[in-house]
Amino acid sequence: MTHWITHHNCGTPKNNREMMQEGLGRLVIAAWIVVTALGFLADAMAGQTVKMPSAKTLKVIYQAAKRYDVDAQALIKIAYLESSFKADARRVNVNGTVDFGMFQVNSVHWTTTCKGLDVFSLKGNASCAAKLLSLAAKHADVDPHWTGRYHSKTPTLKAAYAAKLASITLSERY
């Protein structure tokens, strides 16, 4: 005998098996968040010195930082962390969104926050990243992990990403 329960949000009946699958899905997502955060924290504890990208790339990053009034070194660290300075980096995420470019700008921003910027060019990708970082900076007074908002608003992931950014030391070569 199958027991049916009405889901409180939409009135659609769900049987025990569907409810168990839904709960398992949520558990898998929660586990992924924890594992990802632990990975970020482990990497952050190790620290690393990063060799700077080319002068041309630095110029583009500094221009974007100036345009959106953000710290250029933070942008450089994000570019390193996201793609190791690979301008053509691309990643398809589990949820179907796509991260593109040196700053791995997520496709949800292409037609919203970064509308009008060519996120497929280095200049547009850096500008979009700087704009996103400037929006995150609005939380600096109340959120000690505000730089992590570039990656996620989920508290654990945000804190881990901010720690990883803070652990990166840039080489002296500019």
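The chain contains five helices and seven strands, where helices (H or I, at least four residues) and strands (E, at least two) are DSSP runs numbered from the N terminus. Read from the N terminus on, the elements follow the order β-β-α-β-α-α-β-β-β-α-α-β. The model is predicted, and local features therefore need pLDDT of at least 70, side-chain atom pairs count only at pLDDT 80 or more, and totals for chains, interfaces and linings use all residues. Residues are numbered from 1 along each chain as its sequence is written, and side-chain values use heavy atoms, with hydrogens and water left out.

Of the 174 residues of the chain, 40% count as buried; buried denotes under 20% relative accessible area, exposed over 50%, and partly exposed the range in between (1.4 Å probe, protein chains only). Among the contacts in the chain with a separation of 6 or more, 45% are accounted for by residues 24 or more positions apart, contact being defined as heavy atoms within 4.5 Å.

The packing of the helices is described here through their axes, which are lines fitted to C-alpha atoms over the stretch in contact, with angles running from 0 to 180 degrees between N-to-C directions. The axes of helix 2 (residues 55-68) and helix 3 (residues 72-83) come within 9 Å of each other and cross at roughly 125°. That angle makes helix 2 oblique to helix 3, given that angles under 35 degrees count as roughly parallel, over 145 as roughly antiparallel, 65 to 115 as roughly perpendicular and the rest as oblique. The crossing of helix 2 with helix 3 is right-handed; a crossing has this hand if the near helix is turned clockwise from the far one by less than a right angle, and is left-handed if the turn is anticlockwise. Helix 2 contributes Leu58, Ile61, Tyr62 and Ala65 to the contact, and helix 3 contributes Ala72, Leu75 and Ile76. The residues of this contact comprise seven nonpolar, no polar and no charged, in a scheme where Ala, Val, Leu, Ile, Met, Phe, Trp, Tyr, Cys and Pro count as nonpolar, Asp, Glu, Lys and Arg as charged, and the others, Gly among them, as polar.

Helix 2 also meets helix 4, and here the axes come within 8 Å and cross at roughly 40°, again in a right-handed crossing. On the side of helix 2 the contact is made by Thr57, Val60, Ala64, Ala65, Arg67 and Tyr68, and on the side of helix 4 by Leu122, Lys123, Ala126, Ser127, Ala130, Lys131 and Ser134. These residues divide into seven nonpolar, three polar and three charged.

Thr147, in the loop between helix 4 and helix 5, is buried at 18% relative accessibility, and, leaving aside its neighbours within four places in sequence, Thr147 is in contact with Tyr161, Ala162 and Leu165.

Three aromatic pairs are present in the structure, rings of Phe, Tyr and Trp (its six-membered ring) being paired if their centres lie within 6.5 Å, with planes under 30 degrees apart counted as stacked, over 60 as edge-to-face and the rest as tilted. The rings of Trp110 and Phe120 have centres 4.9 Å apart and planes at 70°, so this pair is edge-to-face. Both residues lie in the loop between strand 6 (105-106) and helix 4 (122-137), ten residues apart. Trp110 is partly exposed at 23% relative accessibility, as is Phe120 at 49%. Together with Phe100, Trp110 and Phe120 form one aromatic cluster.

Asp69 is placed in the loop between helix 2 and helix 3 and is exposed, with a relative accessible area of 71%. Gln104, by contrast, lies in the loop between strand 5 (98-100) and strand 6 and is buried at 9% relative accessibility.
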